[in-house]
Amino acid sequence: MHWLPFVPAFYFGFDPRYVPLFFFLAAQIIYLNYLSRLHLSFIEKCIKACIPYLLLVVIAIKQTASFAHTVELLIAGYYLLVAYGLTMRSKALLAVGISCALLSRYAIVFFIPIHLLYEWKQGSWSFAVKTYMAVFCCVILVYVLPFLSVQPGLFLEGASAYDVAALGEWKGQSWQNPGDLPYQVFQGFCMAAWYYTLAGSNHLLAGIKALKYSLLLVMLVSVCTYALSTRIRQFFNGNLLALLYAMLVLFFLFVPVPYNYLYWNILFLLPLLIARFKWITT
């Protein structure tokens, strides 16, 4: 689902960049629908409705190259569908969002056990079962049958491609001078720069693997901590959106290559995260 949605663009011959924009704007329509249900003043609703577009304009100005050449608004739209499904308790939105997010990147996989545990604790097990049965069917129909069944080693080949891509970025850009720190790694977004420094330029693959193992360890510890700690569950107070946000922040903190556009996914969750808190009191 990272690239499949672009098939219509190439088939009908229109600019592929309209595809992520369409998904993003469709997600904003759902956001407006959610805002309309909140007990907020009309002015506050209007202000909060403008926030996603303000963020979009700021990104276009400050990160113009990424805005013009990446498809990350599509992925951000997927996570927004997950967030809306959690907030509005919609099995359909949640199933579609999780399926798309799962089939584009695997960050969402660490949130799934937390969500299942939450639904079980809340006595909403049927909600979770129906949602994830739909996700399972979607993965089978969209990925397993047309692709994995034809090429069984496809998943592992795709996973190994991440190491190759990361190694290329850790070696630096072609336009950089020899000895310069790799541009993509040292943008200040996550822990990759620290691991690069500790590993040294002669042990890049070891540094990448250490970072990946750290990512896996941190995410597993986070899941187990939530499962075993009553205090942590009370801290989030059943706020699944806050849990999703926290898990994504942790995940992107340890990605091997911190492309700036990866962080749009958590940036565009913020308007929804703060939407229900009143700014204007009457």
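This is a tour of one predicted model, stop by stop, with what to select at each.

**Before you start**

Residues are numbered from 1 along each chain as its sequence is written, and side-chain values use heavy atoms, with hydrogens and water left out. In this predicted model, local features need pLDDT of at least 70 and side-chain atom pairs count only at pLDDT 80 or more, while totals for chains, interfaces and linings use all residues.

Helices are DSSP runs of H or I of at least four residues, and strands are DSSP runs of E of at least two; both are numbered from the N terminus.

**Stop 1: the largest pocket**

Select Ser 104, Arg 105, Tyr 106, Gly 158 and Tyr 162. Of the 42 residues that line the largest pocket, these are the closest to its centre. The volume of the largest pocket is about 1600 Å³.

A pocket is found on a 1 Å grid over the protein atoms alone: it is an open set of points where a 1.4 Å probe fits, with protein on both sides within 12 Å along at least five of seven lines, and lining residues have an atom within 4 Å of a point. Grid points are joined across faces, edges and corners, and the volume is the space filled by probe spheres set on the points.

Now colour four helices: α8 (125-148), α9 (154-170), α11 (204-228) and α13 (240-253). Each of them supplies at least two residues of the lining. Which helix gives the largest share of the lining? It is α9, with 10 residues.

By residue type, the lining divides into 32 nonpolar, 5 polar and 5 charged. Here Ala, Val, Leu, Ile, Met, Phe, Trp, Tyr, Cys and Pro count as nonpolar, Asp, Glu, Lys and Arg as charged, and the others, Gly among them, as polar.

**Stop 2: helix α5 and the residue after it**

Select residues 72-88, which form helix α5.

Is α5 mostly buried or exposed? Of its 17 residues, 16 are buried, so α5 is largely enclosed by the rest of the structure. Buried means under 20% relative accessible area, exposed means over 50%, and partly exposed is in between (1.4 Å probe, protein chains only).

Next select Arg 89, which follows α5 and is found in the loop between α5 and α6 (91-102). Arg 89 has a positive phi of about 55° although it is not a glycine. With a relative accessible area of 36%, Arg 89 is partly exposed.

**Stop 3: Asn 237**

Go to the loop between α12 (230-236) and α13, where Asn 237 is found. Asn 237 also has a positive phi in a residue other than glycine, near 50°. At 66% relative accessibility, Asn 237 counts as exposed.

**Stop 4: Thr 131 in α8**

Select Thr 131, in helix α8. Its relative accessible area is 1%, so Thr 131 is buried. A polar atom of the Thr 131 side chain lies 2.8 Å from the backbone oxygen of Phe 127.

Show the contacts of Thr 131 next (contact means heavy atoms within 4.5 Å). Leaving aside neighbours within four places in sequence, Thr 131 is in contact with Lys 91, Leu 94 and Ala 95. Thr 131 and Ala 92 are 39 residues apart in sequence, and their C-alpha atoms are 7.3 Å apart in space.

**Stop 5: His 115 in α7**

His 115 lies in helix α7 (residues 112-121). With a relative accessible area of 0%, His 115 is buried. Not counting residues up to four places away in sequence, His 115 touches Leu 86, Leu 94, Phe 127, Tyr 132 and Leu 240.

**Stop 6: the loop between α13 and α14**

Pro 256 has its place in the loop between α13 and α14. Pro 256 counts as buried, at 19% relative accessibility. Leaving aside neighbours within four places in sequence, its contacts include Ala 166, Trp 170 and Ala 192.

Last, select Asn 260, in the loop between α13 and α14 (264-267). Asn 260 counts as buried, at 13% relative accessibility. Which residue's side chain is joined to that of Asn 260 by a polar contact? It is Ser 66, at 2.8 Å. A polar contact is a pair of N or O atoms within 3.5 Å; within protein, one must be able to donate a hydrogen and the other to accept it, and residues adjacent in sequence count only if both atoms are side-chain atoms.

Key. The expected span of a helix is 1.5 Å times one less than its number of residues.
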